Amino acid sequence: MKLTTVTRAFTRLALHTSVALPLVLAPAVSVTVLESAGMKVSFAQAQAQQKTRKVPAMRENVFKKLGKVQEAADAEDWNAALAALKEMEAGKAKYNAYEIAQMYYFYGYVYYSMERFNEAITYYKKVLAQGAENLPVALEVGTLLTIAQLYFATENYDQALNYLNKWFAVAEKDQITADSYALRGQAYYQKGDNGKALSDINTAVSMYEKEGKVPKESWFGLQRFLYYEKNDYKKVTSILEKLVKHYPKAEYYKQLAGMYGELKRDKDQLHMMEAAYIAGALQKEKELLNMAYLFMGNEMPYKGAKVIKKGLAEKKIKRTSKNLETLAQAYQMAQELQKSIPELEAAAQLSDKGDIYSRLAGIYLDLDKNQKAVEMGAKALKKGGIKRPDQLYIVLGMANANLKKYDTALKHLKEAKKYDRSKKFAEQWIAFVESEKKREEQLAI
């Protein structure tokens, strides 16, 4: 039996919950209708099954006519089934209310099987119209549920709830299952009554958990969404923890990490994000960079560098100046200075400003690579747009002094002296360079 049309009713809910919520329609089981499962019921058994409520008897000739309909239904020859029903309906004046109800039930079943749901609803309603006193309890109760399900499938949630609530009122306690509450909860959700939807879905989940069973993924999905709408992040987190445990999916790891972040559970957020990363849930540039920042912020910069390096190699992270600079920063934090330099140089080339070259000049000075410091400094000045030119002039002054290019060193240091933030330090270096220059000149005599 095809359910493609039925599942369309759940599109809106699935968008919010990230979980498809398929509806499995199960037509109510009549005491005389031979269901598609192939169960055969004799005329004598049918008579016996009516005793749950005193109803008119079904005569054998009517039972045989219904059997003809059933044969066509078993063969999925729906046109033949309808033809047999119409032939039967022509003589309905001779039937009692119970026999008419069974005929209409078959109509409903055939139209349901053809996915002509509105017509199925019409005929299932005609079953109920024969009066409760003329219907076995199972037929009345089952038909109410079937109509509710069909209204749900046709997105008529007002009527779905109407018939569901009628069914809840007459169904036996053992007939009302967790699935019943879940279905009504979904209907309330579709109507925008989130309070009642949450109450019912919570009942469904609770019933399963009390029996030691794992609630359905879709139930957790609706429950999670409804608590999220209430800004109850602790509840959302606990539900996501269950989803990760019972339905481990990359998406749930990522969502749970986000909830841990909302709750300031930083270590848990890091561990869950790492699990999401390993599971392949982090594919977008922003997600991968956030993962790297988390590692860097939690004193694991080398792991952060590996995430960025891999993302660049797989072209999931763009090779921009900023991203390369972040990679270099991660290496620097991990005390991997030699690995940071090539990344910084690549970042500097892509940048439209000289700041990264300025930083490189300082790094090369610290590494006692004075000539490289001078070269990077020159590139920085050429590109311009440097935030702290005074610091760069200090670096160039020191590097040139180390190379014994005293005049050039003094030139840069005097530029640095023009900035109040570096004036005192520049003056100290100017005094030192002048004394060194004088000493060198005296030694040369």
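This note goes through side-chain contacts in a predicted model.

1. Salt bridges overall. The count for this model comes to 24 salt bridges.

2. Arg265 and Glu241. The side chains of Arg265 and Glu241 meet in a salt bridge, with N and O 3.8 Å apart. Arg265 belongs to the loop between α14 (250–262) and α15 (266–278), while Glu241 belongs to helix α13 (residues 233–246), so the contact ties together parts 24 residues apart in sequence. Arg265 has a relative accessible area of 33% and is partly exposed. Glu241 is partly exposed too, at 31% relative accessibility.

3. Glu287 and Lys254. A salt bridge joins Glu287 to Lys254, and the closest N and O atoms are 2.8 Å apart. Since Glu287 lies in helix α16 (residues 285–297) and Lys254 in helix α14, the pair ties together parts that are 33 residues apart in sequence. Glu287 has a relative accessible area of 16%, and it counts as buried because that value is under 20%.

4. Lys310 and Glu314. These two residues form a salt bridge whose closest N and O atoms are 2.7 Å apart. Lys310 is partly exposed, at a relative accessible area of 41%. Glu314 is also partly exposed, at 38%.

5. A network of charges. Salt bridges link Lys404, Glu436, Arg439 and Glu440 into a network.

6. Aromatic pairs overall. The model has 17 aromatic pairs.

7. Tyr208 and Trp219. The ring centres of Tyr208 and Trp219 are 4.7 Å apart and the planes stand at 65°, so this pair is edge-to-face. Here the link runs between helix α11 (residues 194–210), which holds Tyr208, and helix α12 (residues 217–229), which holds Trp219; the two residues are eleven residues apart. Tyr208 and Trp219 are both buried. Tyr208 has a further contact: Lys213 lies over the face of its ring, at 4.1 Å from the ring centre.

8. A tyrosine cluster. Tyr104, Tyr107, Tyr111 and Tyr123 are joined into a cluster by ring pairs.

9. Arg184 and Phe168. The charged end of Arg184 sits over the ring of Phe168, at 3.9 Å from the ring centre.

Key:
Residues numbered from 1 in each chain as written. Predicted model: local features only at pLDDT ≥ 70, side-chain atom pairs only at ≥ 80, totals over all residues. Heavy atoms only, no water. Salt bridge = Lys/Arg side-chain N within 4 Å of Asp/Glu carboxyl O. Helix = DSSP H or I, 4+ residues; strand = E, 2+ residues; numbered from the N terminus. Buried < 20%, exposed > 50% of the residue type's maximum accessible area, 1.4 Å probe, protein only. Phe/Tyr/Trp six-rings, centres within 6.5 Å; stacked < 30°, edge-to-face > 60°. Lys NZ or Arg CZ within 6 Å of the ring centre and 35° of its normal.
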